[in-house]
Amino acid sequence: MSSQRPVNLVLAALADNGLLLKQDKALPNVVGILTGESLRTSWWSHPKARLIFSVLSELAEHPDVLLTKLLYRKDTLVHRSLWPAVLAVGKAREQWQVQGLSGDSKRILERLDRGDGPVRATGAPVKELEARLLVTAQEIHTESGRHEMALESWHAWSRRVGCRAMRSVPRARKALEEAAVKLGAPLKSLPWPVQGPRSKVQSPRSKGP
């Protein structure tokens with residue numbers, strides 16, 4: 001690794017790509033940048049685990065980084081330049097986002113729409129809402145030692161960070177699709193169905209944590 005601060009190496013890669021996975025065996029990712037390896041197991045057991053944890057913690061608070069479940073329903077870092085696109089898609093409430101949504105997830109979403117946020121939650125509803133890009137979420141540690149997620153509506157998030165959504169949702173999706181392909185991810189890694197010529201764009205992919 002160069003003499004540059006590790007977090008700055010990650011930020012440079014994120015600025016160049018627009019997207020980065022937290023960990024992946026095939027695509028550019030934070031853990032790979034920090035270790036120089038393609039890990040097939042959790043980074044928690046790696047000799048550089050403390051460094052990885054420190055950098056990930058710093059990235060979670062960085063003003064140019066948004067963490068979502070954009071690619072493969074896995075933790076994906078999104079650079080500020082793509083925030084307007086993510087915001088437009090997240091707020092759209094399209095069919096792929098709301099069709100078949102569970103009752104528990106609907107109730108959390110209703111609370112957030114009323115302005116009751118952030119809402120703390122755990123389990124399947126959190127995963128469902130994140131996978132459909134219906135909320136933003138941040139992991140928190142309770143006084144009892146439990147891990148929970150603090151869910152926030154896109155409306156509240158956009159006001160807090162000062163982000164304005166792209167006016168065209170199709171153009172927003174296209175911007176994120178192009179970023180995914182640039183990273184090396186096939187379009188099927190994105191949460192919405194992609195039709196037409198762009199859906200045929202593929203790149204190598206192996207399963208990983």
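1. Which residues of helix 7 are buried? In this predicted model, the buried members of helix 7 are Pro125, Val126, Glu128, Leu129, Glu130 and Ala131. The cut-off applied for burial is a relative accessible area under 20%.

2. After helix 7 comes Leu133, which has a positive phi, near 55°. Leu133 also belongs to the lining of the largest cavity, as does Glu130, a buried residue of helix 7.

3. The search of the whole structure returns 1 cavity of 30 Å³ or more. The volume of the largest cavity is about 50 Å³. Its lining is formed by Leu67, Thr68, Lys69, Glu130, Leu133, Val135, Thr136, Ala137 and Trp154. Strand 2 (65-71) and strand 5 (136-141) are the elements that give two or more residues to this lining, and strand 2 supplies the largest share, 3 residues. By class, the lining holds 5 nonpolar, 2 polar and 2 charged residues.

4. The second largest pocket has a volume of about 210 Å³. Its lining comprises 13 residues, and those nearest its centre are Leu112, Asp113, Ser153, His155 and Ala156. Two or more lining residues come from each of helix 4 (83-91), helix 6 (103-113) and helix 8 (154-161). Helix 8 provides the largest share, with 3 residues.

Technical notes: Residues numbered from 1 in each chain as written. Predicted model: local features only at pLDDT ≥ 70, side-chain atom pairs only at ≥ 80, totals over all residues. Heavy atoms only, no water. Buried < 20%, exposed > 50% of the residue type's maximum accessible area, 1.4 Å probe, protein only. Helix = DSSP H or I, 4+ residues; strand = E, 2+ residues; numbered from the N terminus. 1 Å grid on protein atoms, 1.4 Å probe; cavity = no way out; pocket = protein on both sides within 12 Å on 5 of 7 lines; lining within 4 Å. Points joined across faces, edges and corners; volume = space filled by probe spheres on them. Nonpolar A, V, L, I, M, F, W, Y, C, P; charged D, E, K, R; others polar.
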